[in-house]
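User: Could you take a close look at one part of this model for me, the main nonpolar core and what sits around it? I'd like the cut-offs spelled out as you go.

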Amino acid sequence: MIPKQTVNMTDVARHSGVSIASVSRALRGEPGVSLVTRDRILSAARELSYVVSPEASRLSGGATGRVGVVVPRIDAWFYSTVLAGIADEFDTVGVDLVLCTLPDSAARHRFFEALPLRRKVDAVVVVSLPLTSRERTRIDQLNVPTVFVGGHHPDGNRSWIGIDDELAARQAVGHLLHIGHRDIAMIQAADDTDIPWATDQARISGFHHQMREAGLHDPTVVTVKWSIEGGSRGMEMLLSNSRLPTAVFCHSDEIALGALRTLRRAGVSVPQQISIIGVDDHPSAELTDLTTVAQPVRDQGQIAARKVLRQLTTDGVENDGAMTTLPTRLVIRGSTASPH
């Protein structure tokens, strides 16, 4: 491979068997290059670690060389891992990531009123952020390719990448039912905003559907904030009841980790007295021997970035609005067992 610091557009052209002009058009997203040729040029650029200069791109074609990424927060594993996947792909082609975090209602209001990304980015990725109809309209007013990751499916022709959260919950509860549990409680997540989070709603739906199919009605449910502290508090609420369930489905591994902490402090053995299962396969899940339903988080970011880059290199022609649903899988560890 040619050393990164010596790679130039001529090298990319030679490697892909096209003219320098074709490479320039393809990398700037201009028309006049076939889809097959664009793919070959982009593949060659990645293989050679060729980095496009954003400054040169702006001077020659008007593009900014930047893509905005909008997330509720970055101090949570899911969001930081999606961001890492996006950054991986952008780095290969020299696209800059412009991060916008909206951790509270005030930040949301400022962002959607001012639209600070307008005319400053070539595309936008929205990561698991519930939007009102007006906020969706404001995103559309940016008039750039937009891809959504997780959360609500977008309206219209916007691309979306994520998992089937209802199925993930059904997989988790199905495992507990399969090994003999019938008294299954749920620690569900909620957020402070007035907008329902699609992930929460889907996992709630999956839990109740799976329980009803097993002939089990009115299970115990407690609601907490989506965090380790929330999970700890949720388990405290369950322990305060007169009867302890034999198993608990937690909306996320963070919630499950908090639940495990409370059980350990209370001297309740897992899984001998109670089984715990989560969703996500957080890095700490393996360390704590937590049974969970894994989702490919980094892959979601990478696929979203690739979709954005393809849209930019085809002048938006490939904004097909396709929904890409990635598979989840049950990972059985030591926090679940048959009830005694």
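**Around Ile86**

Leaving aside neighbours within four places in sequence, Ile86 is in contact with Val69, Leu97, Val125, Val127, Gly301, Gln302 and Ala305, where contact means heavy atoms within 4.5 Å. A word on the source: this is a predicted model, with residues numbered from 1 along each chain as its sequence is written. Local features need pLDDT of at least 70, side-chain atom pairs count only at pLDDT 80 or more, totals for chains, interfaces and linings use all residues, and side-chain values use heavy atoms, with hydrogens and water left out.

Ile86 belongs to the largest nonpolar core, which has 26 residues; Ile86, Val125 and Val127 have the most contacts inside it. Such a core is a set of buried Ala, Val, Leu, Ile, Met, Phe, Trp, Tyr and Cys residues joined through side-chain atoms within 4.5 Å. Buried means under 20% relative accessible area, exposed over 50%, and partly exposed in between, with a 1.4 Å probe and protein chains only. Two or more residues each come from strand S1 (66–71), helix H5 (77–93), strand S3 (123–127), strand S4 (146–149) and helix H13 (297–313). Helices (H or I, at least four residues) and strands (E, at least two) are DSSP runs numbered from the N terminus. H5 gives the most, with eight residues. There's also a second, separate core of 19 residues, with Ala185, Ile255, Ala256 and Leu260 among them.

Now for the strands: S1, S3 and S4 sit in an open sheet of six, ordered S2-S1-S3-S4-S5-S11 with parallel pairing. Two strands pair if DSSP finds at least two bridges between them. At the edges, strand S2 (96–101) and strand S11 (323–326) each pair on one side only. S1 and S3 run parallel and are joined by four bridges; Val70 has Val126 in S3 as its bridge partner.

S3 and S4 turn up again at helix H7 (residues 133–140): along with helix H6 (105–114), they're part of what covers the buried residues of H7. Those buried residues are Glu135, Arg136, Arg138 and Ile139. They lie on the same side of H7 because they cover an arc of only 160° around the axis, the arc being that of the directions from the helix axis to the C-beta atoms.

Last, the cysteines: Cys100 is buried, with a relative accessible area of 12%, and Cys250 is buried at 0%. A search of the whole structure finds zero disulfides, a disulfide being a pair of cysteine sulfur atoms within 2.5 Å.
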